[in-house]
Every structure is written in C-alpha cells, then in structure tokens.
Amino acid sequence: MASQQQMVTNSAQMGVQQAQQQLSQQQDFDPVHRFKMLIPLLKDSLQNVMTIASQNFGHNAAIDNGRTTEKGNDAAVQRFDKSLEEFYALCDQLELCLRLAHECLSQSIDSTKHSPNLVPTATKPDTVQTESLSYSQYLSMIKSQIACAKDIHNALLECSKKIAGKGQGACN
C-alpha cells in the first residue's frame, strides 16, 4: 500500500514537472515573456560593464600617476570589451524580441481587419455567435479576397513585363 502511494506521488510529481516544462517551452516562444526574462539579465550585464569600466579606469589612472606597474595588476583587471559584448548581445536579443512582438501584433491586427468575423462552427443553433458570418457571407468575402489577389498578381505581371521590355530595348 505504501509503495502504491509512493508511485502515485511520484507520478503526480512527474506530471507537475512535465506541465511546468511545457509551460516554460510555450513561454520561450512568447516574445513578450522572453523580453521580461531578459531585462534582469540586461541590468546585471550593465552593472557588470560599469564595474569593470570603473576598475579599469582606476587601474589606468594609477598607472598614469606612476603608483602601479603595468605588469603587476593586469591579472586583477578584467576585459572591458568582453563585458560590453555581452551587454550588446543582450540588447540585440531584446531588440529581436520587440520586433517579433510587434510583428505578431501587426499580423493579429491585420487578421482581425481582413477577416473580422468567423464562421460559426457550433452544430447547435443556440450556441451560434451573433457576430459570426453566415457561410454564404464568408464565401463572398473569400471570393472578393481571391479576386483582389488575382488583380494584384496581374498588375505585378504587367509591371514586370514592362520592365523586362525596357531592359531588352536598352540592350539592342
């Protein structure tokens, strides 16, 4: 009996761990969550850059004043360029997260703009949403979108033919 309880407890713990792993994996793909996770790292990196810069500045001032030999304290001085590179790498990651979040938002806005209402999928009439399109309305919207895409395609083809015609005329 105790072993069964232990097995149930172990399986419950494993289930919780798997759920946490799935949640963390989902959150890794969320650019806003990733941005929030990177901010403390950026603060630490900036603090590290400033600390190293301060140490290097003090070391160089001591050398300039003739109090320290250059070879004696080089081991204590850290490389400023590496810490600055780490800071810039984090800044680049944050920029990518913000760009990705902006792109996701833009796509969401475009999606709601061009297809504001969904076709109801419920089979029961009482669960149909009032803001949904009927199937015939949905079909007409799709047909108009296809016609618009064809018009754009034809306009691009016509422009490319005109450009190709001008390019051949210039070569002759």
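**Surface, helices and core**

The accessible surface of the chain comes to about 14,200 Å², and 58% of that area belongs to carbon and sulfur atoms. The model is a predicted one, and of its 172 residues, 10% count as buried. Its secondary structure consists of four helices and zero strands, so that the order of elements, because DSSP runs are numbered from the N terminus, reads α-α-α-α. Among contacts between residues at least 6 apart in sequence, 63% join residues at least 24 apart.

Along its course α2 bends by about 25 degrees at Leu38, with a proline, Pro40, following within four residues. The buried residues of α2 are Pro31, Leu38, Leu42, Ser45, Val49, Ile52, Asn56, His59 and Ala62, a list that includes the residue at the bend, Leu38. Just after α2, Gly66 takes a positive phi of about 80 degrees.

The helix α3 has 35 residues, and the distance from its first C-alpha to its last is 51 Å, close to the 51 Å expected at 1.5 Å a residue. Its buried residues are Ser83, Phe87, Leu90, Leu94, Cys97 and Ala101, and the buried residues of α3 pack against α2.

Where do the nonpolar residues of the largest core come from, in terms of elements? That core has seven residues in all, namely Leu38, Leu42, Val49, Phe87, Leu90, Leu94 and Cys97. The elements that give two or more residues to the core are α2 (31-64) and α3 (80-114), and the largest share, four residues, comes from α3. In soluble globular proteins, nonpolar side chains tend to be buried together. One member of the core, Cys97, shows how the contacts are arranged: leaving aside neighbours within four places in sequence, Cys97 is in contact with Pro31, Arg34, Phe35 and Leu38.

The charged side chains complete the picture, and a search of the whole structure finds three salt bridges. In one of them, the side chains of Arg79 and Asp81 meet at 2.5 Å, N to O. Arg79 counts as exposed because its relative accessibility is 52%, whereas Asp81, at 41%, counts as partly exposed.

Arg99 is exposed, with a relative accessible area of 55%, while Glu95 counts as partly exposed at 37% relative accessibility.

A further salt bridge joins the side chains of Lys162 and Glu158, with 3.6 Å from N to O. Here too the pair lies in a helix, α4 (residues 135-171), and because Lys162 and Glu158 are four residues apart there, about one helical turn separates them. Glu158, at 46% relative accessibility, counts as partly exposed.

Key:
Residues numbered from 1 in each chain as written. Predicted model: local features only at pLDDT ≥ 70, side-chain atom pairs only at ≥ 80, totals over all residues. Heavy atoms only, no water. Core = buried A, V, L, I, M, F, W, Y, C linked by side-chain atoms within 4.5 Å. Buried < 20%, exposed > 50% of the residue type's maximum accessible area, 1.4 Å probe, protein only. Contact = heavy atoms within 4.5 Å. Expected span 1.5 Å × (residues − 1). Areas by Shrake-Rupley, 256 points an atom, 1.4 Å probe, with all protein chains shown as cover. Bend = angle between axes of the 7 residues up to and from the residue. Salt bridge = Lys/Arg side-chain N within 4 Å of Asp/Glu carboxyl O.
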